[in-house]
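Here are some exercises to work through, each with a solution that goes step by step. Have a go at each one before you read on.

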Amino acid sequence: MATVKNRNQLIENGKSEKARLARSLILNCYREALNQVDPAKLVKSKLTLKKSILNINDLSFDLDKYRNIYVVGGGKASGAMASALEQILGERITKGVINVPKGCKAKTKHIKLNEANHPIPDQAGVEGTMQMLDIAKNANSNDLLICLLSGGGSSLMPLPREGLTLKEKQELTQTLLKSGAKIGEINAVRKHLSAVKGGSLAKVAAPATVLSLIISDVVGDVLGDIASGPTSPDKFTFQDAKVILEKYNIWEKASGSVRNIILQGIEGLIPETQKPNDTIFKKVHNVIIGSNQTACRAAKRFFESQKIKTSLLTCSLEGEARQVAAELANKIRAAAASKEAIAILAGGETTVNVTGKGVGGRNQELALATAIQLKGVKGFVFASLSTDGVDGPTDAAGAIIDEDTLKRAELAGLNPECCLLENDSYRFFSRLEDLVFTGLTGTNVNDIVIALLL
């Protein structure tokens, strides 16, 4: 189970007994939410094997009818998913390759775990993806290909289209991540520059049966957006990719190769991604086994078990972090005025348009912007936390604030507004020792926002 490494310090930063209790409860809630989206637990709770019959939801597969069972995939949770799958299927697995983040601690016997970089793809990721494609190419009609996908799969399963270098794709990914584009928009572009995403893996694997077990890190759980949909149809086109790059003023900055591929696609000179009516999907089964809703429901159950009134606002939180902060602050301010004990929850993923020279992540920026919005409000504690343990380019999962955050910042010589303007939330919360550190959690289902008023 993932734990908050600096839990004691975070609790002691509360200046009153009530603030310390609220901080403790929020961290306990976060731990419970992470526990319920543990990848191994999700796989074992969804998959059952009775004799030769593998069941998941309303699907059944007679494993005795398959000559080979292959396993491929990638993502932040894929290592733990692979380990759990091996415990269920054991010697039935012929072989497999999974791309996992560097430092993954999962252990497997039949499935190779290939460490690669995230969020910027690297050559190790390319080599692992090529091995997956080799496996998929060799699969035939009496084989079963199980694909394990989770958040981070887009970066961890890179394979640029012919004519595009990995360096060019790395540069474009970095630019998109800083642009404020939504993850669905980023993935719409990446799919059209990839030889494996946008249903391309499913195409290579045909006519084998494909079962994808998916942990969603995408708001709304859109299959085509999770890991950029290697086994899912793609609703976007090359024209859409161009429009997205123009929307965020990236088109003219993109390399000539990127623009050339997209223009060739628009003209029909190179194949589109796989579309919903393609016959290759007749033997493809995509199953979501965990999502942000799983984590949010667990958080809600936790507070209800503590006899605290709980309001789950949404599991589809989106938008620029500062704007979302203003909206959440209004909810918290209204709750504070009513003087009732309440937990307010939300899940999803905000974005940050990076214009400053500081360091931070969407959760830290959301927490800082919320602290500024709630100046003068009493009795609240608020945290915005990633479920993967990594907030943007930092080693923090997020940050926690309360009514004394701005006072403590003033004493530390920090200017909250300037830090926000410079996108420098990491330095702000580092000085206050209010960053939340978990390390890699091994899962990823977006972010969870928790406000508590006691």
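**Exercise 1.** Which residues does alanine 343 touch, not counting residues up to four places away in sequence?

*Solution.* Keep in mind that you're looking at a predicted model.
- Start by locating the residue: alanine 343 is found in strand S11, which covers residues 342-348.
- Next, list what alanine 343 touches: Phe303, Ile308, Lys309, Thr310, Ser311, Ala451 and Leu452.
- Then check accessibility. Buried means under 20% relative accessible area, and alanine 343 has 0%, so it is buried.
- Finally, pick out leucine 453: it is 110 residues from alanine 343 in sequence, yet the two C-alpha atoms are 6.4 Å apart in space.

**Exercise 2.** Find the largest nonpolar core and say which residues have the most contacts inside it.

*Solution.*
- The largest nonpolar core has 59 residues, and those with the most contacts inside it are Tyr30, Ile146, Leu148 and Phe303.
- Which helix gives the most to this core? That's helix H2 (residues 17-36), with eight residues.
- Now zoom in on tyrosine 30. Leaving out residues up to four places away in sequence, tyrosine 30 touches Val4, Leu385, Ser386, Thr387, Ala397, Val436, Thr438, Ile448 and Ile450.
- There's also a second, separate core of 37 residues, which includes Ala329, Phe429, Leu432 and Leu453.

**Exercise 3.** Work out whether aspartate 388 is buried or exposed, and what its side chain reaches.

*Solution.*
- Aspartate 388 sits in the loop between strand S12 (380-386) and strand S13 (398-402).
- Its relative accessibility is 4%, so aspartate 388 counts as buried.
- The side chain of aspartate 388 reaches the backbone nitrogen of valine 390, at 2.9 Å.
- Set aside neighbours within four places in sequence, and the contacts of aspartate 388 are Lys76, Gly439, Leu440, Thr441, Thr443 and Asn444.

**Exercise 4.** Describe how helix H10 packs with helix H11.

*Solution.*
- What do you need? Two packed helices are described by the angle between their axes and the distance between the axes.
- H10 (residues 238-247) and H11 (residues 256-266) pack at about 140°, with axes 8 Å apart. That makes H10 oblique to H11.
- On the H10 side, the residues are Phe238, Gln239, Ala241, Lys242 and Leu245; they meet Val258, Ile261, Ile262, Leu263, Gly265 and Ile266 in H11.
- Sort the residues of this contact and you get eight nonpolar, two polar and one charged.

Conventions:
Residues numbered from 1 in each chain as written. Predicted model: local features only at pLDDT ≥ 70, side-chain atom pairs only at ≥ 80, totals over all residues. Heavy atoms only, no water. Axes fitted to C-alpha atoms, helices over the stretch in contact; angles between N-to-C directions. Helix = DSSP H or I, 4+ residues; strand = E, 2+ residues; numbered from the N terminus. Parallel < 35°, antiparallel > 145°, perpendicular 65-115°, else oblique. Contact = heavy atoms within 4.5 Å. Nonpolar A, V, L, I, M, F, W, Y, C, P; charged D, E, K, R; others polar. Buried < 20%, exposed > 50% of the residue type's maximum accessible area, 1.4 Å probe, protein only. Polar contact = N/O pair within 3.5 Å; in protein donor to acceptor, adjacent residues only side chain to side chain. Core = buried A, V, L, I, M, F, W, Y, C linked by side-chain atoms within 4.5 Å.
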